[in-house]
Amino acid sequence: MAISTAFIVTLVVVLVLTLLPVPELQEFGFDIGFDNDKLNHASAFATLAVLGALGWPRRIVTLVTFLALVGAAIEVLQSTPLIDRDLDVFDWVADCIGIVVGLAVALCANWVMRRKG
């Protein structure tokens, strides 16, 4: 599977898990991730950042901007009556921390791949 495809699939999964109302998630038996919600946010966005940075290494600024906006949009949408979850600015902060960590991992991976090549 190409890295860009993995990024898109992961993004769709993250959006589904973050934008389905909690009762629907429980109804479908979704109980994945960590017990700490902030760690879930950070790990999801770190994964997206790694995949995005490896898939589009020349578009890092666009990637970071896109992921930060997606994280903010998720929080705003979660506060709507349709989704009925909580808007939490600290979830977005966790998303942004995950993005930074993911970029660092991708940079290290690129460095290792260049040294082997």
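This note reviews the helix packing, salt bridges and selected residues of a predicted model.

1. Basis of the note. The model is predicted, so local features are taken only at pLDDT of at least 70 and side-chain atom pairs only at pLDDT 80 or more, while totals for chains, interfaces and linings use all residues. Residues are numbered from 1 along each chain as its sequence is written, and side-chain values use heavy atoms, with hydrogens and water left out.

2. Overall architecture. The protein has five helices and zero strands, and its pattern along the sequence is α-α-α-α-α. Helices (H or I, at least four residues) and strands (E, at least two) are DSSP runs, numbered from the N terminus. Of the 117 residues, 31% count as buried; here buried means under 20% relative accessible area, exposed means over 50%, and partly exposed lies in between (1.4 Å probe, protein chains only). Contact is defined as heavy atoms within 4.5 Å. Among contacts between residues at least 6 apart in sequence, 74% join residues at least 24 apart.

3. Packing of H3 on H5. Two packed helices are described by the angle between their axes and the distance between the axes. Helix H3 (residues 37-55) and helix H5 (residues 89-116) pack at about 40°, and their axes are 6 Å apart. The axes are lines fitted to C-alpha atoms, for helices over the stretch in contact, with angles from 0 to 180 degrees between N-to-C directions. The crossing of H3 and H5 is right-handed; a crossing has this hand if the near helix is turned clockwise from the far one, and is left-handed if the near helix is turned anticlockwise by less than a right angle. The contact of H3 with H5 has 15 nonpolar, four polar and four charged residues. In this classification Ala, Val, Leu, Ile, Met, Phe, Trp, Tyr, Cys and Pro count as nonpolar, Asp, Glu, Lys and Arg as charged, and the others, Gly among them, as polar.

4. Packing of H4 on H5. The axes of helix H4 (residues 60-78) and H5 come within 9 Å and cross at roughly 155°. H4 passes H5 in a right-handed crossing. On the H4 side, the residues in contact are Ile-60, Leu-63, Val-64, Leu-67, Ala-68, Gly-71, Ala-72 and Glu-75, and on the H5 side they are Asp-91, Trp-92, Asp-95, Cys-96, Ile-99 and Leu-103. By class, the residues of this contact are 10 nonpolar, one polar and three charged.

5. Side chains of opposite charge can pair when their charged atoms come close. A salt bridge is a side-chain nitrogen of Lys or Arg within 4 Å of a carboxyl oxygen of Asp or Glu, and by this rule the count comes to three. How far apart are the N and O atoms in the salt bridge of Lys-38 with Asp-37? The separation is 3.9 Å. Lys-38 is partly exposed at 29% relative accessibility, and Asp-37 is partly exposed at 35%. Lys-38 also forms a salt bridge with Asp-88, with the closest N and O atoms 2.7 Å apart. Lys-38 lies in helix H3 and Asp-88 in the loop between H4 and H5, so this pair ties together parts that are 50 residues apart in sequence. Asp-88 counts as partly exposed, at 22%.

6. Lys-38 and Asp-91 meet in a salt bridge of 2.7 Å, N to O. This pair links Lys-38 in helix H3 with Asp-91 in helix H5, 53 residues apart. Asp-91 is buried, with a relative accessible area of 4%. Salt bridges that share partners join Asp-37, Lys-38, Asp-88 and Asp-91 into one network.

7. Leu-51. This residue is found in helix H3 and counts as buried, at 17% relative accessibility. Leaving aside neighbours within four places in sequence, Leu-51 is in contact with Ile-3, Ala-6, Phe-7 and Thr-10. The C-alpha atoms of Leu-51 and Ala-6 are 7.1 Å apart, although the two residues are 45 residues apart in sequence.

8. Asp-84. Asp-84 lies in the loop between H4 and H5 and is exposed, with a relative accessible area of 63%. The phi angle of Asp-84 is near 55°, a positive value in a residue other than glycine.
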